[in-house]
Amino acid sequence: MPEIREARARDIQQLLALRLEALQQHPLAFSSSPDDDRLDLEYLQKIISEERQVIFCAVHGENIVGMVGAFVQPQRKLSHRCDVWGAYLRASERGHGVGRQLMEAVVDQARSWSCESIHLGVTSGSKEAIGLYQSLGFVSCGIVARAIVDGEHAASEHIMVFHLE
């Protein structure tokens with residue numbers, strides 16, 4: 001079972017490679033494309049060093065096989081919520097509880113930040129992810145039709161929220 005931990009500066013190159021893999025293999029699961037992704041070396045360094053932002057990694061041996069980002073909005077009126085981004089787990093690691101562990105790390109982090117809720121978006125084609133989020137207590141609060149359009153292909157996005165107790 002992979003270790004779940006916060007990303008470190010030495011992980012940046014692997015995180016960039018994993019992100020590129022995710023964008024290339026699942027183009028309708030992410031709003032970014034490989035040619036316009038804002039996640040670069042500088043941005044990752046900023047995320048790793050800032051408070052109230054985190055990337056959790058699933059590490060198998062020396063290899064990062066999964067990741068998920070979370071942050072608290074800097075605006076005072078939004079500082080009660082945690083937003084999730086960039087969740088991805090290699091196919092070889094799926095179905096073994098690793099995705100659950102990554103998301104449980106996010107839930108624990110959101111609680112430590114004193115957040116009231118966790119918000120995420122997941123495309124309709126990601127049935128396994130939707131099932132995982134629901135099993136953790138996330139509920140769908142809306143669907144945005146054609147939220148992501150890539151050429152002739154489109155995907156709806158489920159907006160999901162988990163209210164922390």
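How many aromatic pairs does the count come to? In this predicted model, the count comes to two aromatic pairs. The rings of Tyr133, Phe138 and Phe162 are linked by such pairs into a cluster.

**The main core**

Two of those names come back when you look at the largest nonpolar core, which holds 30 residues; Tyr133 and Phe138 are among the members that touch the most others, along with Cys82, Met103, Val106, Ile118 and Leu120. Helix 3 makes the largest contribution, with seven residues.

Cys82 is a handy place to start exploring. Neighbours within four places in sequence aside, Cys82 is in contact with Ala70, Phe71, Val106, Ala110, Trp113, Cys115, Ser117, Ile118 and His119. There's also a second, separate core, made of 17 residues, with Leu15, Leu18, Cys57 and Val59 among them.

Is strand 2 largely enclosed or open? Buried means under 20% relative accessible area, and seven of the eight residues of strand 2 are buried, so the strand is largely enclosed by the rest of the structure.

Strand 2 pairs with strand 1 (residues 3-6) in the antiparallel sense, over four bridges. In that pairing, Ile4 has Ala58 of strand 2 as its bridge partner. Strand 3 also runs antiparallel to strand 2, and eight bridges join the two. Across that pairing you'll find Phe56 opposite Val68 of strand 3. Strands 2 and 3 make a hairpin with two residues between them, and Gly61 in the turn has a positive phi of about 70 degrees.

**Two residues in strand 5**

Now for a pair of residues that both sit in strand 5: Thr123 and Ser117.

| Residue | Relative accessible area | Contacts include |
|---|---|---|
| Thr123 | 5% | Leu28, Ala29, Ile130, Ile148 |
| Ser117 | 4% | His80, Arg81, Cys82, Val161 |

Both Thr123 and Ser117 are buried. The contacts of Thr123 also take in Ala155, Ser156, Glu157 and His158. Ser117, for its part, also touches Phe162, His163 and Leu164. Where does Leu164 lie relative to Ser117? Along the sequence Ser117 and Leu164 are 47 residues apart, yet in space they are 5.3 Å apart, C-alpha to C-alpha. Ser117 is also in contact with Cys82, one of the residues that touch the most other members of the largest nonpolar core.

**The largest pocket**

The largest pocket has a volume of about 1200 Å³. Its lining is made up of 48 residues, and those nearest the pocket's centre are Phe30, Gly86, Ala87, Tyr88 and Tyr133. Two or more lining residues come from each of strands 3, 4, 5, 6 (139-150) and 7, and from helices 3 and 4 as well. Which strand gives the most to this lining? That would be strand 4, with eight residues.

Key: Residues numbered from 1 in each chain as written. Predicted model: local features only at pLDDT ≥ 70, side-chain atom pairs only at ≥ 80, totals over all residues. Heavy atoms only, no water. Core = buried A, V, L, I, M, F, W, Y, C linked by side-chain atoms within 4.5 Å. Buried < 20%, exposed > 50% of the residue type's maximum accessible area, 1.4 Å probe, protein only. Contact = heavy atoms within 4.5 Å. Phe/Tyr/Trp six-rings, centres within 6.5 Å; stacked < 30°, edge-to-face > 60°. Pairing = 2+ DSSP bridges. 1 Å grid on protein atoms, 1.4 Å probe; cavity = no way out; pocket = protein on both sides within 12 Å on 5 of 7 lines; lining within 4 Å. Points joined across faces, edges and corners; volume = space filled by probe spheres on them.
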